[in-house]
Amino acid sequence: MTSYKRHDGDPAAWRARDLGGKDAIAFDLGARHAAALKDGLRHVVARGIARDRIGRADFPLTAVAEDMARLRETMVSGRGIVLIRGMPFEGCSPDEIETMFWGLGTHFGSAVSQSVMGDRLGHVIDVTDVDPHARAYRARRELKLHTDLSDAIAFCSVRKAKTGGLSQFGSALAIHDELLARHPDYLAALYRGFRWHRFGEHGPGEEPVTPCRVPLFSNCAGQVSCRYVRAYIREGAHALGEPLTDLETAALDAFDAIAARPEMRIEFMLEPGEVVFFNNLTVLHARTAFENDPDPSLKRLILRLWLAVPGGRPTLPEVQIYSTGSGGGVPKQDGRVPTFEQKAQSY
């Protein structure tokens, strides 16, 4: 019988009570942090460096390097999530806000493509008025707890919705341990994994469905990671004409039910000027549904980075859904846009 690892004492295996709320995971920027970010912005603007070419050396943050290193370590090897408050966006243009966020992100990882458009700085904004089948992050409906397709993720709030749009986060390792305690017979199916539908974002020569099974939980070098989006699993099975077994469905249902418990997740509003970085291999994320202001200029806007993290959590090659290497992401394909089919309108 396979022996599965428990995570007793692991800071990444947290419940809501362990974190103590939004304030407990927050790092408030002070005057020296704001000055360093402004200096970094002025430096890259003066040198005329295109935003997507800015690397960590171009945006040094030398005066606060120790703080940035500590926050990165918390994301990589600690609880897996950090909230940074007080970004100095006052007086900045939209382009300057994006550049400052990108520059900060270089101290946590390297941005990878988030869709076939090759966008490495994503704009999480509702576009269902023009594309009713938009990928979930480009819609306003509720998103259930899931992971994305990179080592780490960063969200930066520029504008919040008129109502709703609360961010939610849960520990995949805590869910794993709850399954081990209550439903250990389900773990074999989750470790075996599922073939994922790629929803039209596969590269040339690739199949629409992953050729190998993508483990929901995997253990590499003694460290457990999670990769999970139920819609991709459901539609992969449908496309192959191979329905999930009763055991597989029960295992996924149990995972979702545990993840949905209030004690297993934290929830808060990401306010304008706040940035959250989290380990996408140990932390799941979600969002409540929202309604925008009728004024298009006041639409909810979250900037997003998918980050490859050198020296981060080791993973098995099977968790990479696309042929983009260990850093994750989606291969760019000229002339294509990310769109879900009608049947996959929710996670």
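Predicted model: local features only at pLDDT ≥ 70, side-chain atom pairs only at ≥ 80, totals over all residues.
Modeller: Residues are numbered from 1 along each chain as its sequence is written, and side-chain values use heavy atoms, with hydrogens and water left out.

Colleague: Why does C156 count as buried?

Modeller: Buried means under 20% relative accessible area, exposed means over 50%, and partly exposed lies in between (1.4 Å probe, protein chains only). C156 has 0% relative accessibility and therefore counts as buried. C226 counts as buried too, because its value is 2%.

Colleague: What makes strand β12 mostly covered?

Modeller: A strand here is a DSSP run of E with at least two residues, a helix is a run of H or I with at least four, and both are numbered from the N terminus. In β12 (residues 275–279), 5 of 5 residues are buried. V275, F277 and N279 point one way, V276 and F278 the other way, and all are buried. In a regular strand the side chains alternate between the two faces of the sheet.

Colleague: How do you know that β2 and β6 pair with β12?

Modeller: Two strands pair if DSSP finds at least two bridges between them. β2 (residues 81–85) has 4 bridges to β12, in the antiparallel sense. β6 (residues 152–159) has 5 bridges to β12, also antiparallel. V276 is the bridge partner of L83 and of F155.

Colleague: Which element gives the most to the lining of the largest pocket?

Modeller: On a 1 Å grid over the protein atoms alone, a pocket is an open set of points where a 1.4 Å probe fits, with protein on both sides within 12 Å along at least five of seven lines; lining residues have an atom within 4 Å of a point. α8 gives the most, with 3 residues. The lining includes F255, D256 and A259.
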